[in-house]
Amino acid sequence: MKKQVRKVKIGLIFSLDYEIHGNGSGEFENWAYLPTSQMLDVLDTYGAKLTIMAEMGHYWAMKKYKDSFLHDISLFESQLKNAVQRGHDVQLHFHPQWIDATYEDGNWHLDFSRKTIERLCHNYDEAYFYLKKGKDDLEHLLRPVNPGYRCVCFRSGFLQMQPSRNIIKALTDAGFLSDSSVSKGMKADDSLRFLDYSDAFSRFRPWKTSSDEICRRDETGKLYEFPLLSYSTGFWDKIIKKIHKKTNGKNINDIISGFMAVYGKGMMPVSHSKSLSDKVKNKLAVTWYYADFCQRDHTDLAKYIKKVVSDCRKNNDYNYIPVVLLGHSKDFFFPNNLSLFLKSCKNIHEVEFITYAASVEKYITVNTDK
């Protein structure tokens, strides 16, 4: 009798932060609607699925000034409905700087009076209110299109999930099953956030979180963390990259960074100044990144997925493994790069395309049935 060969099964999730710039600049149609329309068409060509992480803070702010934003509100709602009709998914993303935003003289003025995420990480009542409102509003909008639709997945603004206790409790109390904000190795200390995901349980495998720390695994936990696939580069990797750039010119990430420097000025938080010794340490230290399907070259992305498959085989891990990639609508400049990556994925037999919500359901079912 022929021995059955066990195969790794990777559920590849394309999750898109659907938003304009973090400082409120940029037109919704140009920075969110049009790039996402193009992305949906590309993914449909290859049978892949998009999970739109709909940034609801901006949506609520537009509705507050609806006379000025009727067109954008219509585009927002129609695109989410159309995506669900086509078999894609929509889940919740939220930047709290929009809570008290005002619109004057054609410009948004956002509330950065406190570190933005304190409104969710330090205040349970406020966190619960906005998470539940986001879930309810999306379900009210999308259930007429798909009666089985559920909003059960979340991504925080600026990926901030620390301190974790209040926001984990608020998420579970509001009916969420999963978060996807953690990127192993990521550290940030700037004008809007402080986080340290160095001790995250895994760089791609999901885990049940403890009740008080998103990075810690606890089998009694109620919330599943689906981390963003991350990878690291050391000192010599950085040297090789610089040599490669001098020899071959700029890559896709350099080009997009240049675009954002011009068009997205002021969108990102300002880092605290560092001493010369700190800067040298940073150059020598291992640096972690999340796998960005809008910014990374298709050859790098394919390499990351093959490495996941290899790691699973090496560890005899033949269970179903969801893998989350992150992109931003405002960073989507090169549809051909995505097409080439999808084409590569079709040739990796262990990979299937799936939405975030469907993957959470499948992962829970597989692990419950063991």
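The questions and answers below concern helix packing and cavities in a predicted model.

Biologist: Are helices H1 and H3 roughly parallel or roughly perpendicular?

Modeller: Two packed helices are described by the angle between their axes and the distance between the axes. Helix H1, residues 28–45, and helix H3, residues 66–85, have axes 11 Å apart and pack at an angle of about 20°. Angles under 35 degrees count as roughly parallel, so H1 and H3 are roughly parallel.

Biologist: How many nonpolar residues does the contact of H1 with H3 have?

Modeller: On the H1 side the contact is made by Phe 28, Glu 29, Ala 32, Tyr 33, Thr 36, Ser 37 and Leu 40. H3 supplies His 71, Asp 72, Leu 75, Phe 76, Gln 79 and Ala 83. By class, four residues of this contact are polar, two are charged and seven are nonpolar.

Biologist: Is the crossing of H5 and H6 left-handed or right-handed?

Modeller: Helix H5 covers residues 124–142 and helix H6 covers residues 165–173, and the two pack at an angle of about 35°. Tyr 124, Ala 127, Tyr 128 and Leu 131 of H5 meet residues of H6, including Ile 167 and Leu 171. The crossing of H5 and H6 is right-handed.

Biologist: Which residues are the closest to the centre of the largest cavity?

Modeller: There are two cavities of 30 Å³ or more in the structure, and the largest holds about 90 Å³ of space. Its lining has five nonpolar, five polar and three charged residues. Of the 13 lining residues, the closest to the centre are Glu 19, Ile 20, Glu 55, His 58 and Trp 98.

Key: Residues are numbered from 1 along each chain as its sequence is written. This is a predicted model: local features need pLDDT of at least 70, side-chain atom pairs count only at pLDDT 80 or more; totals for chains, interfaces and linings use all residues. Side-chain values use heavy atoms; hydrogens and water are left out. Axes are lines fitted to C-alpha atoms, for helices over the stretch in contact, and angles run from 0 to 180 degrees between N-to-C directions. Helices (H or I, at least four residues) and strands (E, at least two) are DSSP runs, numbered from the N terminus. Angles under 35 degrees count as roughly parallel, over 145 as roughly antiparallel, 65 to 115 as roughly perpendicular and the rest as oblique. Contact means heavy atoms within 4.5 Å. Ala, Val, Leu, Ile, Met, Phe, Trp, Tyr, Cys and Pro count as nonpolar, Asp, Glu, Lys and Arg as charged, and the others, Gly among them, as polar. On a 1 Å grid over the protein atoms alone, a cavity is a set of points where a 1.4 Å probe fits but cannot get out, and a pocket is an open set with protein on both sides within 12 Å along at least five of seven lines; lining residues have an atom within 4 Å of a point. Grid points are joined across faces, edges and corners, and a volume is the space filled by probe spheres set on the points. A crossing is left-handed if the near helix is turned anticlockwise from the far one by less than a right angle, and right-handed if clockwise.
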